Each structure stands twice: as structure tokens, then as C-alpha cells.
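Let's work through a few exercises together. Keep the sequence and the 3D view open as you go.

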Amino acid sequence: MTLTTRPTLQGTFGMVSSTHWLASQSAMGILERGGNAFDAAVTAGFVLHVVEPHLNGPGGEAPAIVATAQDRSPKVLCGQGPAPAGATIAHFRSLGMELIPGSGPLAAAVPGAVDAWLLLLRDHGMLFLEEVLEPAIGYAGAGHPLVGRVGDTVAAVQSLFEEHWHTSAQLWLRDGKPPAAGEVFTNSAYARTLQRLVDAGRAAGSDRAAQIEAARRAWGEGFVAEAVDRFSREPFQDSSGRPHAGLVTGGDMAAYSATWEEPVVLDWNGYSVAKTGFWGQGPVLLETLAVLDALDDPRVYDPSTAAGIHAQAEALKLAFADREAWYGDGDVPAKALLSREYARERAGLIGGRASAELRPGRPDGAEPHLPAYVRGSAGRRADLVDPTTGEPTVKSDGVTRGDTCHVDVVDRWGNMISATPSGGWLQSSPTIPELGFPLGSRLQMFWLEEGLASSLAPGRRPRTTLSPTMVHRDGEPVLACGTPGGDQQDQWQLLFLLRHLVGGRSLQEAIDAPMWHTVSLPASFYPRDIEPGVLVVEDRLDEDVLAALRAYGHEVRLSGSWTLGRLCAVTRDPGTGVLAAGANPRGMQGYACGR
């Protein structure tokens, strides 16, 4: 038996896995009260706003993939807000900018998370709004013990708060000091915001759906939108080094609604793997799996051997190059990118030496277009990222910064969800004092250059890194998983899926095994660096494997033994009804629970 940090949980009633134990247990409590997986996920989502504020917030976004007991096919819930009406390339260029800042009001997309959670509750939940929001209101109003990384994040931006973001200083600096680990912290303003949503719902009568719709209006057209509109007009210092006002207006808030969409699906190795559309990076995972399959060599599926790691890293580089050239909220050659013919063509580029080149393909013979900034970015380093940007998750020395959350839930009826909420973290933008949270900074995903797949334009969704996953077998949902990690999300999920679905490891064994990722790709986050040929590896990997990887030509950079990845996962066996869950021990926050 392989020793793991904790057991893979099993049961038949319900399973939850998330990046914070309070969110997991709050969601499990909802299942115990008779709620379904979607009620539980909504509860977890709002609790994560409170207990992991350095990793996500109400001003951020929340894409998810769901399968219901009535309709087993996967559906995407898009909680990624678009660029506001005033967000044009001309506007940013008029400010002398080459890149959209990584923090501050100017970098904010329209908030999408709250409307997405409420839409999920309306369409697939069973409980009333006040029931699912009760834990988050309690933790925000009465307080909860903060994890140490919240205080560490506040300390990293303390001078910014004190000198420029005074509303954030008022919330996060008590007696001039960041909160200590374990300190009971309250956010009364956010508790009041949530309670006002509940009160707006109650005023709409006793119908559950009508109450949720009333809360959505209070958010998008009422007191929340009004506060966002007022606050966005004030200039604040951002990562450009200068103060700028934001662009999100009340009109932008009112015009937005989360949506249900079809996923992008790859049939692979007896499974169907579902991801969000090409407005997110999720299809990178599908492209990588298709290329590995095209190599027609079982050795390439083992993420613990040098041959396997080399093939997987090279396939990932090719997929991420395509992400840069082709992915965005527009016309994407999706069918060609995921075709077997294209996978074979791309697989032919993988040889015995690690590539340091950015090599996008030519789906359907089309010419790829890369941003001029990327073409000249060789040598930029991730260490230059300022602490307000939130991502990418891991610096070159393996130290983790704030980034993202994740939650997976499966219930006894077979409902399943994978959700990856993020953005709007406490260091992304100044706190809106009457609401108790800041806006996000997702616009930094866009390029300020015309004619690209992810060029900035009003109403377009940023090419987000948020990447939930759902796996089906024979038409039945069998696995939901995901992880924080920016550009690393689909890399770490690849290793997990190969270990679990191909290697036969249990959920916890697959999560606990040594992780690695490549940074030989254009980063999605300011300052959009790339480190050609670099492979970041947890130092638990065998020395002979490390030596062989260097012989392949990879520049191996060792990270700490338990520093890469924060995976969550739940499963359901359709034949037996047995449910299972696992959670990542790295960072000492993620937990699974269930029975």
C-alpha cells in the first residue's frame, strides 16, 4: 500500500472537496440538511469569499461544470464577466500602457461570481437563498480564524494599503498590523451585503426562484451595482505605478448575466473529458491528451518517469503555444485544434530534446498570430510579478502567492459539480467600503494589440486560466476535479488524471504524488513573462529522473517537496453508487469530507 497524507474518503451519501476546510464542512452541512450538490457548492462558494479572501472574492469570477441527476451530460456555467463597455485598446494606449495593469480598478472585468452562484442555485438547487448563505454571513459577521497566508498577503501589500488604498487598510490593518494567523477576523460590511441580498429576496415573496431573482437584481441593478459605479470613478494606484480610475459601471453590471453553455469535450482512453470553451484555457488539457494519445507509446502516460515527463512537458508546451495564438472569446478553429489529424501533426514535433521555442500550430492551414510582446519577451522572469496580481501561483523558488480556489461536490442522487472561483482577491483592488470587497483584475488576460485571439474589446471575456474539469464514462459523470494555479491548473490536472485514470492510483495517491510543471510558455498574468525550457519540479522526484530530464535538455528548477498543486477531486461509481473524495495537503488548507 502506498502511504498517503490522508485517506481517500468513501461513502454513499455525499462528498465535498475544497481548498478550505470551513468551505468543505459548510457544504457538507448543507447536504446533511437535505440540500443537493448544487446547494452545497453555492454555500462553499460564498464561504470561500470569506475564508480565502486572498484567493477569491465576490468581485471575481466562477466558472463551473455540472451534471445533474436528470441530465447526465456536462454543462458549463460561465461566471466569467466580460470587459466593461469602456475597456478599449485605445483607452489603455492613451494612458501610455503596453500591458493592462495586474491590479487596481482599471484592471477589473465585470464581476461574474455572485451572479453565477445565484443562477446555479435558481436552476439546480433545492434550498432557499437564506439557507445557503447562512454560513458565509455567520463567518463574515461573527468571525472565523484566519489562515496564516491571509496575513502574509496583507503584509506583502501593507505599504500600498497604507499609502494609497486606504479603504483596504481600514479593513485589513488593525492597529496598523496585518491579521495574525488564527486571529478571529470579521468583515461586517460583507456580512451586511449578503444579508441585504437575502432581505431583497424575502421582499419578493415566498417563491424560491423569485427570491433568488430579486437577489440577482439587487446585485446587478441595485445597491451593489450603485456602490461599484461610484467607487470605480475614483482613481487609485495600480501596478503601472500611477493612479487610474476604473471602467466598470452600473450599466455594465446590469447588462451582465451568467450563462449556461455547452462544454468542449474530448473522447479519450474510454473517457469523455469536459472543459469550458476556448474563452478559457481548459482545452489546453484536451489538446495535450490528444497529442499524448497520438504518440502511441504507453510510456508517455507515466508522470513519474523521465520519458513520461519529457513527453508530457513537450505536449503541454505545444498546447500552450496554441492557447496564445488561437484561444479567446471569438471565432476559434476548435474542431481542427482537437482533431486526430492535428494531434498527430503536433506529436511529430516532439523529439528527444526539450524545446525552448514557442511553436503554435496551423489548424486548417491557418497562419498563427502571436502578440508582439510575447515575441520579444524571452528572459522575463516571474520573480518580477508584484504581490498585488495574485497569480501566477508559484514563483521560481516555489513560494506560493495567492491565486484561486476550487470546490467539487457529488451527492447521493448523482448530481456533480466542479467549480473554480477566483479573482477579486483582497490585493487585487481597493476595498469598496460599504460592500466589504474589492473588484477583480481579470482584464490583465487581454492583449493591447489588435487582431489577436485575445485582444481587448468591450463585452469580450478575458481568456481566463480558471479550468474546472469533469470526466464521464459511458455517458455517466464519474469524476470532478480542479486546482488553483493560474497557468499551472491544467498541467497539474494532467498529472492527476494520468495517475488516476491510466495508472490506477486512488484519488489521494494521485494528488499526493510529486508534481511538476513547465514555465516555458507565455504567462497569463502581468508582466506576462516566459522562461524558455524551464521545468519546475518538486524535489521529491528521484535523482535519476532529474538527471535524465537534464539530459533531455530541460532546465530543471527544484521546488520544495510539497509546493506544487492544490488539487481537489470527487468521484462516483455509477455501478455501485460509491462516492469518493480526496484533497490536497499542500498549504495545509484543503480538505475533503463526506459519508
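Helices (H or I, at least four residues) and strands (E, at least two) are DSSP runs, numbered from the N terminus. This is a predicted model, where local features need pLDDT of at least 70, side-chain atom pairs count only at pLDDT 80 or more, and totals for chains, interfaces and linings use all residues. Residues are numbered from 1 along each chain as its sequence is written, and side-chain values use heavy atoms, leaving out hydrogens and water.

**Exercise 1.** Find the cis peptide bond and place its proline.

Step 1: The bond from Tyr526 to Pro527 is cis, with omega near 5°.
Step 2: Pro527 sits in the loop between β16 (516-518) and β17.

**Exercise 2.** Which residue has a positive phi although it is not a glycine?

Step 1: Recall that most residues other than glycine have a negative phi.
Step 2: Asn269 has a positive phi of about 55°.
Step 3: Now locate Asn269: the loop between β10 (264-268) and β11 (271-275) holds this residue.

**Exercise 3.** Where is Asp542?

Solution: Look in the loop between β17 (534-538) and α20 (543-552).
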